[in-house]
Amino acid sequence: MSPESKATRYLIADDDAPFRARLARALRSRGLEVAEAESAEEAVRAAKSFRPERAVIDLRLGEGSGLELIRALRSEHPDLVCVVLTGYGSISTALEAVRRGARHYLTKPVDADDVLHAFERGFEEGAPVAADAPSSAPSLHRVEWEHIQRVLGDCGGNVSQAARTLGLHRRTLQRKLATRPPQR
């Protein structure tokens, strides 16, 4: 990490509260300033007051889209450097993220070192970077958990509707929602 990056302000926009808190804590432990947002709207508000220089944006933000958030943030803060995170990495979303101004695109799971490396790599190369091939593919359990979260978000948090959409019994979905998100 370069000395100038210690003063850099980071905005983390992710609706996965445990992941967001863990990443924020890890960045703060490295002396960085961090603001957190769990939705696109909250991220836009936080950016106005916090004035971040770098943003870590989850591709799927509950009801919002990380791709739309990149556009909204960069229209107000053109120098903001963004790295997009997702559990659903694909070439098309990576290209779209870079087209909208993302510097880098990472497939979850990632840690603070991966995120900082993505920002530093982008600055060293001076140009947006396409998606990394995942160093380790997420587990089936992680992909299932993220898919459930996405469907639940698409259903406005309505567990019954999400269960019908997923073809699960409501109680089965409730049990799955009660578990912690898998790390990998």
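User: In what order do the strands form the open sheet, and is the pairing parallel or antiparallel?

Analyst: This is a predicted model. In it, five strands form an open sheet in the order β2-β1-β3-β6-β7, and the pairing is parallel.

User: What makes β2 and β7 the edge strands?

Analyst: Each of them, β2 (33–37) and β7 (102–107), pairs on one side only. For β7, the pairing with strand β6 (residues 81–86) runs over five bridges in the parallel sense. Two strands pair if there are at least two bridges between them, so the five bridges of β6 and β7 meet the definition.

User: Which strands does helix α4 touch, and what angle does its direction make with that of β7?

Analyst: Helix α4 (residues 91–99) packs on the sheet and touches β6 and β7; its direction makes about 155° with that of β7.

User: Why is α6 called oblique to α7?

Analyst: Helix α6 (residues 140–154) and helix α7 (residues 159–166) pack at an angle of about 125°. Roughly perpendicular ends at 115 degrees and roughly antiparallel needs over 145, so α6 is oblique to α7. The contact is made by His147, Ile148, Val151 and Leu152 of α6 with Val159, Ala162, Thr165 and Leu166 of α7. By class, six of these residues are nonpolar, two are polar and none is charged.

User: Why should residues 129–134 not be read in detail?

Analyst: Over residues 129–134, pLDDT stays under 50. Where pLDDT is low, the predicted coordinates should not be read in detail.

Definitions and conventions:
Residues numbered from 1 in each chain as written. Predicted model: local features only at pLDDT ≥ 70, side-chain atom pairs only at ≥ 80, totals over all residues. Heavy atoms only, no water. Axes fitted to C-alpha atoms, helices over the stretch in contact; angles between N-to-C directions. Helix = DSSP H or I, 4+ residues; strand = E, 2+ residues; numbered from the N terminus. Parallel < 35°, antiparallel > 145°, perpendicular 65-115°, else oblique. Contact = heavy atoms within 4.5 Å. Nonpolar A, V, L, I, M, F, W, Y, C, P; charged D, E, K, R; others polar. pLDDT = per-residue confidence, 0-100.
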